[in-house]
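Here are my notes on the two-chain model you asked about, jotted down point by point. Have the viewer open while you read.

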Amino acid sequence: MRNMPNMIVLAKQVFYTQDLRIDRTTKKLKTEGVARVISESDKNAIEEAVRLKEKHGGKITVLTMGPPEAKEALREAIAMGADEGYMLVGPEFENSDAHATAVSLAAGIKKIGQFDMILCGETSEDQYSFQVGPRTAEILNLPQITYAVKITLQDAKVLVDRNLEDCYETVESKLPVFVTVSREINEPRLPTLMAIMAASKKPMTAWTAKNIGLQPGELGRQGSLTEPVRSAVATGERKRVMMEGEPSEAAEKLVTTLVGEGVVKVT
Amino acid sequence: MTSTQKHEGVWVFSESPTVARELLSKGRELSVKLGTHLAAVAFGEDVSEMSKELVAFGADRVYAVQDPSLKTFQVHLYSNALAEMAQTYRPDVVLIGATRSGLELAARLAERLKTGCCTECSKLDVDPDKKCVIVDRLILGGNITETLIIPSKPQVFTLPKGVFQPLSKDPARTGEVVRVQPKIGESPVKVLDRKPKQFAGVRITDAEVIVSFGRGLKKKEDIPIVEELAKTVSGVVGCSRPIAEDLKWLPVDQYVGLSGQKVAPKLYIACGISGQIQHITGIQNARVVVAVNTDSKAPIFEYTDYGIVGDLYKVVPAIAEAFRRHSSGAK
């Protein structure tokens with residue numbers, strides 16, 4: 001029986017998406033002044049690891065990949081209760097798609113070494129691909145349990161409740177295992193200022209691609225399996241017709257139009 | 001094993017029969033543009049009926065795997081089977097329904113096949129020059145549309161549910177059913193229990209009409225104003241993220257947005273919702289969007305078909321009243 005789980009949490013730093021706006025004059029995304037935060041469900045994964053540690057002991061290692069600023073994410077994770085942090089940093093990691101990201105994270109995990117459980121959020125707030133968890137699990141040949149809303153460690157097994165569209169499912173797996181969590185699993189704690197200050201004294205290690213044994217062709221744009229053709233400011237393709245007049249008048253025009261278009265059937 | 005190394009055919013798969021029919025409709029369009037056949041994959045304890053059904057809804061070919069272990073979705077078993085079949089029959093495109101199960105399957109499958117995958121695509125078409133699928137995805141909170149192709153094969157995509165109208169069922173249609181016996185293996189994850197969710201009435205993702213509200217509604221006690229309109233149009237009540245997550249006036253299953261429910265009703269009425277990009281992204285597949293807001297400059301009006309500037313406390317009951325007049329009235 002293994003009482004003290006060794007956990008690795010994968011966490012991504014993202015722009016706080018709700019504050020992202022398009023600059024109306026330059027027609028470009030304005031990132032200036034927008035906070036960089038830990039992607040929401042990744043934060044839930046950190047919180048869950050901390051709760052498991054509070055109950056069973058063990059160790060939490062956080063792994064991130066991103067720009068030098070991502071160090072802040074590691075610091076926050078440690079302030080929440082993680083023991084140490086590693087970051088994959090360098091231009092060679094830039095523009096990695098879900099596959100190249102998973103390849104990089106899996107190499108980082110192998111370098112960290114021992115683990116019983118890997119946790120991460122079900123998806124990242126900025127990319128919304130839902131791919132990195134399952135892809136990393138596949139590379140590491142680990143059982144995957146997605147959309148966790150409850151995690152219980154029992155002997156050398158884990159019991160997980162999952163939230164699916166139509167049902168809640170309870171599943172069981174041996175360790176080691178790869179788990180992605182949903183936001184409803186917990187409310188992440190807010191670390192105190194003291195904890196954040198103390199976190200900077202905890203060990204944090206930066207690794208380049210070379211450090212984790214990856215060749216240039218395996219990551220970044222070159223190692224990606226999807227090819228971006230272009231990106232543009234998202235625009236709505238709606239009619240934008242305003243119904244004028246007093247409430248009853250505008251409502252009448254609206255309903256007449258909707259009925260006329262066959263959008264709603266009236267009996 | 002096929003003798004050729006060429007990747008051919010558009011495959012569709014969903015563990016949900018309803019979504020599979022929707023995928024066949026979009027798959028048909030893509031396969032015609034790519035000049036190839038359309039195939040469906042059927043997994044189950046008994047696949048004979050399922051296979052006939054898939055042909056009737058548009059499949060030229062069905063790859064059917066009959067095995068008791070495939071009775072219900074399990075990602076390890078389904079990805080084992082699907083990966084081996086894709087390696088043997090070499091499809092050009094694989095379309096998977098973007099249910100929660102479909103998403104984890106697509107990612108695991110694509111990694112096994114060392115191929116690219118695009119999830120949550122908002123638009124999917126064929127690039128006439130490159131003869132491959134080209135998709136749009138919304139990223140960065142819905143602010144940016146990224147257009148992508150997948151140079152590796154097969155090209156794997158997930159498609160939203162409830163967006164594509166299934167073709168009409170034609171029982172006279174003929175198609176080839178290929179029985180396959182891939183190695184399914186055993187799942188390292190055992191399912192101990194499944195509890196169906198209890199939904200009061202129609203679920204928001206299945207609703208034809210949704211009446212949603214945001215912070216324009218001042219207090220919880222005012223929700224009946226919105227409910228009344230929803231009732232009049234046989235719709236379901238939804239809300240924006242702050243209503244469910246911060247104020248907790250409605251369950252989280254009922255909030256619409258990028259991180260909540262992505263909906264595809266015929267009619268979406270947004271009452272007192274300012275139109276954060278988070279919210280807009282959740283309603284991009286709605287056929288018609290109506291918005292009511294006091295602020296004529298609210299971003300929601302940029303993403304609206306029909307807008308009314310006004311106080312929702314007056315306008316929403318007026319819309320309900322107008323609907324009642326139309327249904328009981330002279331015409």
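1. A quick definition before the chain-to-chain pairing: two strands pair if DSSP finds at least two bridges between them. By that rule, strand S15 (residues 241-242) of chain A pairs with S16(B), in the parallel sense and over two bridges. Within this pairing, Met242(A) sits opposite Gly307(B) in S16(B). Do keep in mind that this is a predicted model.

2. On to the wider interface. How many residues does each chain put into the contact? Chain B supplies 73 residues and chain A supplies 67 residues. On the side of chain B that touches chain A, the elements giving two or more residues include H4, S5, strand S7 (132-139), strand S8 (144-149) and strand S11 (189-196) of chain B. Also among them are strand S15 (288-293), strand S16 (306-309) and helix H8 (312-328) of chain B. The biggest giver on that side is H8(B), with nine residues. Sorted by class, the side of chain B that touches chain A comes to 37 nonpolar, 18 polar and 18 charged residues.

3. Now the sheet in chain B. Seven strands make an open sheet, in the order S5-S9-S4-S1-S2-S3-S10 (chain B), and the pairing is parallel. Its edges are strand S5 (117-118) and strand S10 (176-179) of chain B, each of which pairs on one side only. For a closer look at one pair, take strand S2 (residues 38-44) and strand S3 (residues 61-66) of chain B: they run parallel and are joined by six bridges. Ala40(B) is opposite Val62(B) in S3(B).

4. Which helices pack on that sheet? Helix H1 (residues 17-34) of chain B does, touching strand S1 (10-13), S2, strand S4 (93-97) and strand S9 (155-159) of chain B. The direction of H1 makes about 170° with that of S1(B). Helix H2 (residues 48-56) of chain B lies across S2, S3 and S10 of chain B, at about 160° to S2(B).

5. Helix H4 (residues 132-139) of chain A deserves a look: it is mostly covered, with seven of its eight residues buried. Those are Val132(A), Gly133(A), Pro134(A), Arg135(A), Thr136(A), Ala137(A) and Glu138(A). What covers them? The cover includes helix H3 (98-112), strand S8 (117-121), strand S9 (144-154) and strand S12 (177-181) of chain A, together with helix H4 (100-112) of chain B. Following H4(A) comes Asn141(A), with a positive phi near 55°.

6. The axes of H3(A) and H4(A) come within 9 Å and cross at roughly 50°, so H3(A) is oblique to H4(A). The crossing is right-handed. From H3(A), Ala98(A), His99(A), Thr101(A), Ala102(A), Val103(A), Leu105(A) and Ala106(A) meet Val132(A), Arg135(A), Thr136(A) and Ile139(A) of H4(A). The residues of this contact split into seven nonpolar, three polar and one charged.

7. Why does Ile277(B) count as buried? Because Ile277(B) has 23 C-beta neighbours inside 10 Å, and the cut-off is 20 or more. Leaving out neighbours within four places in sequence, Ile277(B) is in contact with Gly141(B), Gly142(B) and Asn143(B). The C-alpha atoms of Ile277(B) and Leu258(B) are separated by 8.3 Å, with the two residues 19 apart along the chain.

Definitions and conventions: Residues numbered from 1 in each chain as written. Chains lettered and ligands numbered in written order. Predicted model: local features only at pLDDT ≥ 70, side-chain atom pairs only at ≥ 80, totals over all residues. Helix = DSSP H or I, 4+ residues; strand = E, 2+ residues; numbered from the N terminus. Contact = placed C-beta atoms within 7 Å. Axes fitted to C-alpha atoms, helices over the stretch in contact; angles between N-to-C directions. Buried ≥ 20, exposed ≤ 12 C-beta atoms within 10 Å, placed from the backbone. Parallel < 35°, antiparallel > 145°, perpendicular 65-115°, else oblique. Left-handed = near helix turned anticlockwise from the far one by under 90°. Nonpolar A, V, L, I, M, F, W, Y, C, P; charged D, E, K, R; others polar.
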